[in-house]
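Below are some short notes for a colleague who is opening this structure for the first time. Please read them with the sequence and the structure side by side.

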Amino acid sequence: MTGPRQSADRLGRLLNLVPYLLARPGILVAEAAADLGVSERQLREDLELLWVCGLPGYGPGDLIDMALDGDRVTISHDAGIDRPLRLTQDEALALVVALRMLAETPGTGHRDVIERALAKIENAAGDLADAPVAVRLPANSPRVDQVRAAVESRHALRMTYYTAARDETTDRVVDPMRVLMVGGKAYLEAWCRRAEATRLFRIDRIDDFTELDEPSRPPAGAEPHDLTEGVFRPTPDLELVTLRVGRHSRWITEYYPVEEVRRSGGDEWIVTMRVTDLGWAQRLLLGLGPDVTVVGPPELLTRIREQATAALDQYSSPGR
């Protein structure tokens with residue numbers, strides 16, 4: 001019977017086997033098996049596997065070589081497995097930068113553990129880790145650090161927030177739950193007392209906030225969002241928008257979640273997508289110009305036609 005545990009045990013045994021045999025040339029197979037706590041048959045199987053192990057290239061001089069003379073074994077070429085593992089300058093730099101980036105990521109748990117590990121690696125790597133690289137994620141800002149500090153202090157927040165979908169600014173009191181990063185953007189997840197539900201707030205859209213004296217107390221039913229598929233998760237109850245999209249605006253099918261894409265005549269595609277608010281769709285589509293035509297719903301067609309007509313009227317008005 002084999003499995004992950006047996007494979008891991010065998011790997012550890014093989015890694016120890018080479019330096020063990022190097023220190024004991026000509027040792028009896030039975031004696032080595034007893035020392036290593038395995039059967040003689042198992043040790044011989046390990047030795048057969050070692051014969052095909054070595055360095056990339058796997059040619060002469062790359063593989064481990066040994067002399068198995070009857071009941072005695074001697075390693076004649078170790079392929080470098082006896083050498084202690086050391087990080088190269090590039091490896092040390094890559095590891096330090098990766099840990100620094102992880103420590104900078106909003107929502108990362110156990111940051112103290114990450115920072116301790118980073119300190120140990122930088123200490124062990126010495127000058128190799130002294131990289132002239134400052135890690136700062138694009139979504140990070142002093143505001144993110146301030147919001148993260150408020151979450152860690154477990155205080156409620158009063159904030160002014162801009163909702164892009166409705167193009168409006170509102171005042172809210174929220175009970176912070178966590179700060180996280182999704183799609184390169186930093187978000188505050190909190191219980192919104194105004195909406196009486198768990199909400200995600202993009203931190204770069206928080207115009208202002210004040211940390212209150214009262215503690216953050218999300219209700220027991222405040223469940224965190226499942227963000228494995230992104231922030232926006234279309235549901236059947238949302239408004240369905242149908243568009244006829246030209247060649248130069250096909251990018252919207254990659255940038256926004258869509259339900260269906262099918263070819264129409266020529267280079268045009270028929271695209272359907274769910275939206276949380278027709279006002280948001282109206283602003284998006286007016287900015288795309290004539291390369292995108294709205295097929296439905298009728299309310300969205302009416303909105304866009306009225307706004308476009310009002311804009312044209314401004315140009316035709318005297319004195320303008």
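1. Start with Asp69, which faces Arg72 of strand β3. This is a predicted model, in which local features need pLDDT of at least 70 and side-chain atom pairs count only at pLDDT 80 or more, while totals for chains, interfaces and linings use all residues. Residues are numbered from 1 along each chain as its sequence is written, and side-chain values use heavy atoms, with hydrogens and water left out.

2. Strand β3 covers residues 72-77 and is joined to β2 by five bridges, the two running antiparallel. Strands here are DSSP runs (E, at least two residues), numbered from the N terminus, and two strands pair if DSSP finds at least two bridges between them.

3. The order β1-β3-β2 describes an open sheet of three strands with antiparallel pairing. The edges are β1 (27-28) and β2 (65-69); each has a single partner strand, so one side of each has no neighbour in the sheet.

4. Asp175 belongs to strand β5, residues 168-182. Is this residue buried or exposed? Asp175 counts as buried because its relative accessibility is 2%; the cut-offs are under 20% for buried and over 50% for exposed, with a 1.4 Å probe and protein chains only.

5. The side chain of Asp175 makes a polar contact of 2.8 Å with that of Arg193. A polar contact is a pair of N or O atoms within 3.5 Å; within protein, one must be able to donate a hydrogen and the other to accept it, and residues adjacent in sequence count only if both atoms are side-chain atoms. Along the chain Asp175 and Arg193 are 18 residues apart, and their C-alpha atoms are separated by 7.7 Å.

Conventions
Helices (H or I, at least four residues) and strands (E, at least two) are DSSP runs, numbered from the N terminus.
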